[in-house]
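Subject: Handover of a structure, with notes

Dear colleague,

I am passing the structure below on to you, together with an account of what was found in it. Please read the notes with the coordinates open beside them.

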Amino acid sequence: MTALELRASLGLAGIYALRMLGMFLILPVFALYATTLQGADNHAMIGLALGSYGLVQAILQLPLGMLSDKVGRKKVIYGGLLLFAAGSFVAANAHDITWLIIGRVIQGSGAISAAITALLADLTREENRTRAMAMIGMSIGTTFAVSLVLGPLLAKHIGVDGIFTLTGVLSLLALIGVWRVIPDPVVSRFHSDAEANTKRLPAVLRHPELLRLNYGIFALHAAQMAMFVTIPFALTSTGHLDKADHWQVYLPVVVAGFFLMVPAIIYGEKKARLKQVFVAAVALMTAAQLGMALALSSFWLIVVWLTLYFIAFNILEATLPSLISKIAPADAKGTAIGVYNTAQSVGLFLGAALGGWLYGRFGAAGVFGFTSVLMASWLLLAITMTPPKAVKTQMFHLDDNWRGDSSALSSSLLALDGISEVVIMPDEGVAYLKVAQQGWDEAGVRRLLPIAKP
């Protein structure tokens, strides 16, 4: 990576992480805090307040990403950060559940994830883009883990309203970061590997294997939000822990989940057994949900099942994007990721809303009965999925002066060892190839492709 690419990647990963703070930092303390507000005697309203952020994200993230193609990436990002800050300040000053919901809706309307991804694509070369996207993925995972520990500690010292204020201030500071740290792209154009293309939506929405994965990310995050409508109350009642001390539970289970995830991912990728690892993680997640449904009266059993939950969750969060990349058509990867992210946001909303309603009507057992059914249905879909090919996507920037026959070039490339899919896109000036994890004929590809000189 060049210094400019590294600066852009790290800066945008930080801004993406900040956006996720709006959801993750308050996650472990939100339900307990919301009960102190007027109008929160109905638990369904608490779930709605928690999940409304995800609903607006689901509605707006793809349209705002497309808008950034027309008006500019940074303009959309500036607007999104301002909305996120405004919503944070509204939520911080909410004295009843209705105003908290309004604040969360305004926060969610700052849906800048697609615009950030598009700007990152503008600022990185094709051969470095996967690494840059991985930085954003790492920032999300790190933010989630840190937030579960930091949220209760911050709530103790500045309150949940203080956390909302803090995220609003940080959002305003991020505006300065976008202005001063993130470079302006020399050329801003559409990137099939990073942005949604409406023309490719029908193919993505009809793809049976992608639909399985979209249901999976929906179910995973629906269960997550429903769980966090319930678990804080269970930890308080069974362990007699003050909400400020919940980090003492989250820290060890999150760390254990992270360290046990790593060998599973390495094994799945290196041994081409990603489906087996994936199915095992879904099965473990199903067991964790069933276990919590039966063991919420025991503090230490909750800790055990939470540990298994986080092991499974971390594995699934890492393998799902990898599976999307392997399965999606090479020229529709950005579209597939956009639909996947939208399904995730819908899961965040419905999980929190239904979780709150179920908790109010049927208690914790009703919530975990719901999440167990979600996971069991996903397990059936995962077991019957077609094992993904052991491939990775390689992108090559074509010479600007090349005017050859794309069809003939694709046929020649497909005849090489280890090449399973080729898409030549002269308008974007790139070639996308699905190649074997090891042993593909890279020298032959470089000999045939009119690759632009650096």
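Predicted model: local features only at pLDDT ≥ 70, side-chain atom pairs only at ≥ 80, totals over all residues.

Which residue's side chain does Lys434 meet in a salt bridge? The partner is Glu421, with an N to O distance of 3.6 Å, and the pair links distant parts of the chain, since Lys434 belongs to strand S3 and Glu421 to strand S2, 13 residues apart.

Between S2 and S3 (residues 430-436) the antiparallel pairing runs over six bridges, and Ile424 stands opposite Ala431 in S3.

As for the chain as a whole, it contains 15 helices and three strands, and buried residues make up 57% of its 454 residues. The C-alpha trace spans about 70 × 45 × 35 Å along its principal axes. The radius of gyration is 22 Å, which agrees with the value near 22 Å that a compact globule of 454 residues would have.

The side chains of Asp69 and Arg73 meet at 2.4 Å, N to O; Asp69 is partly exposed, with a relative accessible area of 34%, while Arg73 is buried, with a relative accessible area of 3%. These two residues also take part in a network of salt bridges that links Asp69, Arg73 and Asp122. Arg446 and Glu442 form another salt bridge, at 3.2 Å from N to O, and both lie in helix H15 (residues 442-448), four residues apart, which is about one turn of the helix. Arg446 is partly exposed, at a relative accessible area of 44%, and Glu442 is also partly exposed, at 36%.

On the surface there is a nonpolar patch, with about 850 Å² of accessible area together, formed by Leu82, Phe89, Ile158, Leu166, Val169, Leu170, Leu172, Leu173, Ile176 and Trp179. The elements that give two or more residues to the patch are helix H4 (73-92) and helix H7 (126-180), and H7 supplies the largest share, eight residues. Trp179 has its place in helix H7, and it counts as exposed because its relative accessibility of 56% is over the 50% cut-off.

A last item concerns Ala318, which is found in helix H12 (residues 299-327) and is partly exposed, with a relative accessible area of 32%. The C-alpha atoms of Ala318 and Ile265 are separated by 7.6 Å, although the two residues are 53 residues apart along the chain.

With best regards

Terms used
Residues numbered from 1 in each chain as written. Heavy atoms only, no water. Patch = residues over 30% accessible without salt bridge, like charges linked within 9 Å, V, L, I, M, F, W, Y side chains within 5 Å. Areas by Shrake-Rupley, 256 points an atom, 1.4 Å probe, with all protein chains shown as cover. Salt bridge = Lys/Arg side-chain N within 4 Å of Asp/Glu carboxyl O. Buried < 20%, exposed > 50% of the residue type's maximum accessible area, 1.4 Å probe, protein only. Pairing = 2+ DSSP bridges. Rg over C-alpha atoms; globule rule 2.2 N^0.38 Å.
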